[in-house]
Amino acid sequence: MRRIWAVLAAVALTGCSAGTSTAPQTHEVTLVTHDSFVVKDGLLDEFQKATGITVKQIASGDAGELTNKLVLTKANPIGDVAFGVDSTFASRALAEGVFAEYASPEATKGAQRYQADTSNRLHAVDVGDVCLNIDPAKLGGVEPASYEDLTDPKFKDKLVVENPATSSPGLAFLLGTIAKFGENGWQEYWTKLKANGVKVVSGWEEAYNQDFKADRPIVVSYASSPSAEGGKTKAVLSTCYRQVEYAGVLSKAKNAADAQKVLDFLLGEKFQAQVAEQMYVYPSREGVALPESWAKDAPLPASPQSLPADKVKDNREAWVEQWRKLVQG
Amino acid sequence: MALELESITVRYGQTAAVSDVSLSVGDGEVVALLGPSGCGKSTLLRTIAGLEKPSSGFVRWDSSDLAGVPVHRRGFGLVFQDGQLFPHRSVAGNVAFGLRMHRVDREERDKKVLSLLELVGLEGYADRRVTQLSGGEQQRVALARALAPSPRLLLLDEPLSALDRALREQLAVDLARLLREAQTTALVVTHDHDEAFTLADRVAIMSRGRIVQVGPPAEVWSSPVDVETAKFLGCNKFVPGSFVGLPVGRVGLRATALRVDGAGPLEGTVLERVHRRDHVRLLVEIDGEEYEAVGPMSEIGDHVRLEIDLDGVARIG
Amino acid sequence: MAALLPLAFLGLFFAWPVLAILSLGLREGGVLTALFDGETWELVGFTLGQAAASTVVAVLAGLPVAFVLARCRLRGLGVVRAAVMVPFVLPTVVVGLAFRTFWPDGGVLSIVLANAFFNVAVVARTVGGLWAHTDRRAEDAARALGASRPRAFLSVVLPALAPAIGSAAAVVFLFCATSFGVVLVLGGSRYRTLETEIYLRTVELFDLSGAAALSLLQFAAVLAVLVLGALARRRRETALSLRGREELARRPSGGEWYVVFAALAVVVALLTPVVGLITRSLSTRDGWSFAGYAALATRGDRGTLAVTGFDAALNSVRTAFDATLVALVVGVFSAVVLVGLRRSGGRIAEVLDTALMLPLGVSAVTVGFGYLVTMDALPGDFRTSPLLVPLAQALVVTPLIVRMVLPVLRAVDERLRQAAATLGASPLRVWREVDLPLVGRSLAAAAGFGYVVALGEFGATSFLARPDAPTLPVVIARLMSRPGELNSQMAYASCALLMVVTVGCVLLIERLRVPSSGEF
C-alpha cells in the first residue's frame with residue numbers, strides 16, 4: 001500500500017521522486033541510447049571510479065525513435081549525451097541542432113573515417129553492415145555471391161527481406177540496391193527479385209527467427225549475425241550496406257563538461273574493445289582487436305555500399321513509396 | 001409536534017410532484033398519506049427521509065429544520081414496498097444492520113435482533129438467506145430492520161402492496177398492533193384505504209401533489225372534502241342529500257348505501273346480480289336511474305324494496 | 001467533487017501530453033493534405049473493418065466461455081478462468097509469430113483471428129462478471145412460458161447481458177483498432193492500419209503533421225464508436241436483481257452441454273499457440289533442451305539484457321501491482337461518480353464515461369512522445385521518472401476496470417443504498433456495506449484482469465521503461481531482436497515465465513475475497 005501512496009503523492013503534490021535529480025555537482029551524466037545499447041559488466045563502474053562520473057542510462061526504441069526523441073526534447077533534453085543516432089537519421093539530428101560541437105581527442109583515432117560531416121558534432125562509435133545472410137546447409141552448396149545472383153531461378157523462393165518502411169535492416173538493404181544499381185536501375189532489379197519470389201515481412205524478428213530458420217535460407221541481416229550462430233550461417237559480403245552509429249553531446253546538456261568525458265569514453269579503447277562482443281557491431285577505432293570468432297564468421301566487408309546522408313534524408317520517403325508500389329502493388 | 005412539514009414543494013424540472021404541502025405528525029401518532037398512484041405521496045415521503053430535496057418549504061423535527069441534515073443522520077426508518085433487503089446478508093444480518101451503524105455492541109445487538117424477529121413473527125429465521133424468504137416474510141424482515149435502531153419516525157412506503165390480498169389484510173392488522181405497541185411515530189404511504197384506515201390515527205388525502213384533506217379515518221370516510229376524494233373512497237353515485245333524507249347539499253353513495261329490505265322506502269327493478277361470498281351485489285333501477293345495492297344471499301325477485309344505510313353514505317364537503 | 005480525481009489523472013497523464021504532441025503536428029501544417037489523401041481513407045476503412053470483424057469473432061468466442069465461467073458448476077473452472085487470461089499477456093510479436101506458423105503469409109484472416117485471440121478474455125471476463133450475478137428466474141420463467149432454450153437466451157438473457165456485452169465489445173474494438181504488433185507481423189507489408197501508420201510517421205519519418213492527421217482520424221473514429229456504444233448502452237444498465245453466484249451456478253444440463261463444449265473448443269483454440277510456444281522454448285537445432293529456461297537466471301547471450309529474466313519478472317509483478325492500484329483507485333472513483341452522476345443528470349456522466357475510454361483508442365507512441373514534450377514541466381523532470389511506467393499502464397487499465405465494475409454497480413438497486421442510509425450509514429459506509437460486497441466479485445475480477453493487462457502492456461512500457469528496470473514483455477521483445485539461438489530460446493522461455501506469472505497472479509487475486517462479501 002505504501003507504494004501506491006508514494007505514486008499518488010508524487011503525482012499529486014511534488015512529483016519529486018528519488019533519483020531524478022540532475023544537478024551537476026553530483027557528477028551524474030545521463031546517457032540516452034536506443035534499446036540495443038549494451039555495455040560490458042563493470043566497465044561503467046570502472047569509469048565511475050576513474051572519473052567520479054556516474055552514468056545513468058535511458059534506453060528505448062530504435063535509432064529512429066531515439067532521434068525523434070532527441071529532436072522533440074532538444075530545448076530541454078532528457079540527458080546529456082546520446083548514442084545510437086545512425087547514418088540514416090544523422091542529417092536530421094544535425095539539421096535540428098540536437099548536438100553540440102565537441103572536438104573529442106579520441107575522435108581522431110579512426111572514428112573520423114566514418115564522420116557524418118565536418119562539424120565535430122557527431123562522432124562515429126561503431127559501424128555495422130547490413131548484408132544478406134545465408135544458411136549454406138539448406139542451400140545445398142549453391143550459394144549466391146552477389147546482388148545479381150538473387151535474380152537467378154536457382155534461388156527462386158529462397159529470399160526473405162524486411163519491409164523498408166517498418167524495418168531498419170530492410171531499409172538498409174533497399175538503400176544498398178539503390179547504391180549498387182543507381183537511382184534509375186534499382187526498380188528494374190526489384191522487379192526481377194519480385195519475379196523470383198522474394199518474400200517481404202515487416203521485421204527482422206520474423207524474417208530471421210522464422211522464415212530464415214524455416215524455408216527461406218537467404219535473409220537480410222547483419223554482417224555480424226553469423227558470429228552468433230556458431231559458424232552455421234554466413235554473410236554475403238558483396239551485398240552489404242554500411243550503417244554507422246554516432247554519439248554526441250546534446251546541445252542543452254545540463255552537465256556538458258562531464259558529458260564530454262562520457263563521449264571520450266565511448267570512443268576510447270576500453271569501450272571500443274567490447275562493442276563487437278556486446279552489440280554485434282564493428283568498432284570505429286583503429287587497431288582494436290575483434291573477437292576470434294569474428295575473423296572467421298563475421299569479417300568486416302571491405303567495400304560496402306553506402307549513400308550520402310543528405311541524399312538518404314531527402315529521398316527516403318519517396319524511395320520507400322516507390323518500392324511499396326513496385327513490390328506490393 | 002414531532003414532524004412538521006411547512007409548504008413543501010418538490011419539483012422535477014418543470015413539473016411539481018408535490019405542491020405546497022403542510023402537515024404535522026404528533027409524537028406516537030400514525031398518519032397515513034392516502035392517494036392514487038402518481039399523486040406525489042411517495043415523493044413527499046422520500047423528501048422527509050432526505051432522499052429528495054424540496055425546492056421550497058421546510059421539514060422540521062421538534063421545531064428544528066432538517067434541511068442540512070443528511071439521510072443517515074435523520075434517525076428516520078424507511079420501509080420500501082418491496083423490502084429491499086441486502087441480498088448479501090442473512091435475516092439477522094439485515095436486522096442488525098442499523099444497530100451496527102449505530103455502534104450497538106454485539107451482545108445487545110443479538111438480543112435486540114432476536115426480540116425484533118419475535119415481534120414480527122419470524123422466530124428461528126435469523127440465519128436464513130433473505131433470498132429464500134417469501135414476500136410476506138421479506139416485508140416483515142424489512143420492518144424489523146427499520147425498527148431495530150429505534151427510529152424517531154418510521155416511514156413506510158406502500159409497505160404491504162406487493163403482497164397478496166389475504167396476506168396484506170393479515171399483515172396490516174399485525175402492523176397496526178406493532179406500531180401501537182411500540183408507540184411508534186409513523187407516516188405510511190398507501191393507495192389502499194383499508195390499509196390506511198387500519199393503520200392510521202389520522203389520514204391525509206393527497207391528490208395531484210396536494211393534501212386535500214386531513215382528519216381521523218372515520219371523519220374522512222364519512223365526509224370527504226370533494227367529489228374526487230369521495231370517488232377515491234369508494235363512492236360511485238352522487239345524489240342530492242334529500243334523496244337519503246339528509247339536510248345537506250350532495251352526498252356520495254357507496255354500494256352498501258342501499259340494502260334490500262322489504263320495509264324500505266325506495267322501490268326499484270333489479271337489472272343485474274353478482275354473487276359474492278356472503279351477499280349479492282345488485283344493479284337496481286330507481287326512477288329511471290341506476291344504483292348499486294346489496295342484498296342477502298336469499299332469492300331476490302326482480303322488484304325489490306330498498307332501505308338506506310347511512311354508513312354507506314358520504315357527505316361531500 | 002469526486003469527479004476531480006479521475007479527471008485530474010486523465011488530464012495530466014493523457015489529455016495534456018496527447019494534445020501537446022498533436023498541436024506540434026498541427027503547427028507544422030499539412031494536416032489537410034493528409035486528410036484528403038485517398039490512401040488515408042483506405043487506412044481508416046481497413047482499420048475499422050478489421051477491428052469490427054475481430055470484435056465479432058471475440059464476442060462470439062467469448063460468450064460460451066463467459067457462460068461456463070458464470071453459470072456452471074464444474075471441476076477445474078478456476079484453471080479455465082486463469083487460462084483464458086493467458087493470451088492477453090503474451091507479447092504480440094510472439095503471438096504473431098505463432099500465428100504465422102499456421103498462416104505463413106499472414107493476411108486479413110490471421111489478423112482478425114489473432115486480434116480475437118487476445119481479446120476473448122475481455123468478453124469472457126466482462127460478460128461473465130455480470131452473468132454471474134444475474135437472476136436466473138427470468139430465464140426460467142421464459143422457459144416455463146414455453147420458450148425454447150435459444151429463444152429464452154435471445155429474449156431474456158441477452159438483453160440482460162447487453163450492457164456487459166456492449167462494454168466488452170467497445171473495449172475489444174478499441175484494442176483491435178489500435179492493435180499494433182499483430183498487424184505489423186501478420187499484415188506483412190501489405191496491410192496497414194492507422195496505428196501502424198501513426199507509429200511509422202512519428203518514429204521513422206518524423207512526419208508529425210501526418211501523424212497528427214491520422215491521430216485525429218483515429219480519435220474521431222474511436223469517439224464515434226464510443227458514442228455509438230454509449231447510445232446502445234443507454235438505459236440498458238437498469239436495476240437487475242443481483243444474486244450470488246453460488247446460488248446460480250449449477251451443473252450444466254441438456255443442451256447446455258453444447259455450450260460447454262463450444263467453450264472448451266474456444267479454450268483449446270486459445271491454448272494451441274501457447275502450447276506451440278512452449279514447444280519452441282524447449283526445442284533447439286540439436287534437439288530438446290532447457291537451455292532457454294536456464295538462461296532466465298542470466299542476462300541473456302553475452303549480456304543482451306541489463307537484468308536477468310527473473311529480475312525482469314519481479315519488476316513486471318511490482319510495476320503491474322502499482323499500476324493496478326492506481327487504476328483501481330481511479331477506476332472505482334470514476335465508476336462511483338458515474339453512477340452518482342447518472343442519478344442526477346445523464347449528460348456529464350456520458351461525457352465522462354466516454355472520456356475514460358479514450359486512452360484505449362490512442363497510440364501508445366502518441367502518448368509516449370506526448371510525455372516527452374510535457375512531463376518535464378512537472379517537478380523533478382517526470383519524463384524519466386520510473387513512476388511514469390505504472391502511471392502509463394494505469395491509463396490503459398483504468399477504462400477496463402470502469403467497464404467491468406460499472407454495469408454491476410449500476411445494476412445495484414438505488415433503494416438498497418437508500419435503505420442503508422436511512423439505517424444510519426454514511427455515504428462512505430453505504431459504499432462499504434452495500435456496493436462493495438455486491439460488486440466485490442466483479443471488482444476482484446476487474447483487479448485481476450487489470451493486473452494482467454498491466455503485466456502484458458508493451459507499447460507504452462517499452463517506450464518508458466528504463467534499461468535497468470525492464471518488464472518481461474520488454475525483455476522478450478529485446479531477446480527476439482537479437483540473433484543467436486539462445487536468445488530466441490530465452491525469449492520463448494520468458495513467454496512461458498510470463499504465462500506462469502500471469503496464471504499465478506490471477507489465481508492469487510481470485511483467492512482474495514473482498515472483506516465481508518461472504519459467499520456472494
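Q: How many residues does helix α3 of chain C have, and how far does this helix reach from its first C-alpha to its last?

A: A helix can be read by setting the span expected from its number of residues, at 1.5 Å a residue, beside the distance between its end C-alpha atoms. In this predicted model, helix α3 of chain C, residues 38-71, has 34 residues and reaches 49 Å from its first C-alpha to its last, which is close to the 50 Å expected.

Q: Where in α3(C) does a kink lie?

A: A bend is the angle between axes fitted to the seven residues that end at a position and the seven that start there. In α3(C) a kink of about 30° lies at C:G62, shortly before the proline C:P64.

Q: Which residues are in contact with C:F46, once its neighbours within four places in sequence are left aside?

A: C:F46 is found in helix α3 of chain C, and, with those sequence neighbours left aside, C:F46 is in contact with C:Y191 and C:T193. Distance along the chain and distance in space can also be read side by side: C:F46 and C:V108 are 62 residues apart in sequence, and their C-alpha atoms are 9.6 Å apart in space.

Q: Why does C:F46 count as partly exposed?

A: A residue is buried if 20 or more other C-beta atoms lie within 10 Å of its own, exposed if 12 or fewer do, and partly exposed in between. C:F46 has 18 C-beta neighbours inside 10 Å, and therefore counts as partly exposed.

Q: What does helix α20 of chain C span between its end C-alpha atoms, and what would a straight helix of 30 residues span?

A: A straight helix of 30 residues would span 44 Å at 1.5 Å a residue, whereas helix α20 of chain C, residues 427-456, spans only 36 Å between its end C-alpha atoms. When the course of this helix is followed, α20(C) is found to bend by about 65° at C:G440.

Q: How many of the 30 residues of α20(C) are buried?

A: The count is 23 of the 30 residues, so α20(C) is largely enclosed by the rest of the structure.

Q: How many residues of chain C are in contact with chain B, and how many residues of chain B are in contact with chain C?

A: Two residues are in contact if their C-beta atoms lie within 7 Å. By this reading, 22 residues of chain C are in contact with 18 residues of chain B. On the chain C side, α19, residues 414-422, and α20 each supply at least two residues, and the largest share, seven residues, comes from α19(C). The residues of this side of chain C divide into 11 nonpolar, six polar and five charged.

Q: How many residues of chain C are in contact with chain A, and how many residues of chain A take part?

A: Here 48 residues of chain C are in contact with 50 residues of chain A. The elements of chain C that give two or more residues to this side include α5 (92-102), α15 (309-344) and α18 (388-411), while the largest share, four residues, comes from α10(C). By class, this side of chain C has 24 nonpolar, 13 polar and 11 charged residues.

Q: What radius of gyration does chain A have, and what would a compact globule of 329 residues have?

A: A compact globule with 329 residues would have a radius of gyration near 20 Å, and chain A has 21 Å, which agrees. Along its principal axes, the C-alpha trace of chain A spans about 65 × 45 × 45 Å. The secondary structure of chain A comes to 11 helices and nine strands, and 54% of its 329 residues count as buried. Among contacts in chain A between residues at least 6 apart in sequence, 77% join residues at least 24 apart.

Q: Which domains is chain A divided into?

A: Chain A is divided into domain 1 (27-128 + 243-296) and domain 2 (130-241 + 299-328), and 27 Å separate the centres of these domains, taken over C-alpha atoms. The contact between them joins 17 residues of domain 1 of chain A with 16 residues of domain 2 of chain A. On the domain 1 side, α10(A) gives the most, with four residues.

Q: Which domains is chain B divided into?

A: Chain B is divided into domain 1 (3-222) and domain 2 (228-315), whose C-alpha centres lie 37 Å apart. Their contact takes eight residues from domain 1 of chain B and six residues from domain 2 of chain B.

Methods
Residues are numbered from 1 along each chain as its sequence is written. Chains are lettered from A and ligands numbered from 1 in the order in which they are written. This is a predicted model: local features need pLDDT of at least 70, side-chain atom pairs count only at pLDDT 80 or more; totals for chains, interfaces and linings use all residues. Ala, Val, Leu, Ile, Met, Phe, Trp, Tyr, Cys and Pro count as nonpolar, Asp, Glu, Lys and Arg as charged, and the others, Gly among them, as polar. The radius of gyration is taken over C-alpha atoms; the globule rule is 2.2 Å times the number of residues to the power 0.38. Domain bounds come from an automatic or database domain assignment.
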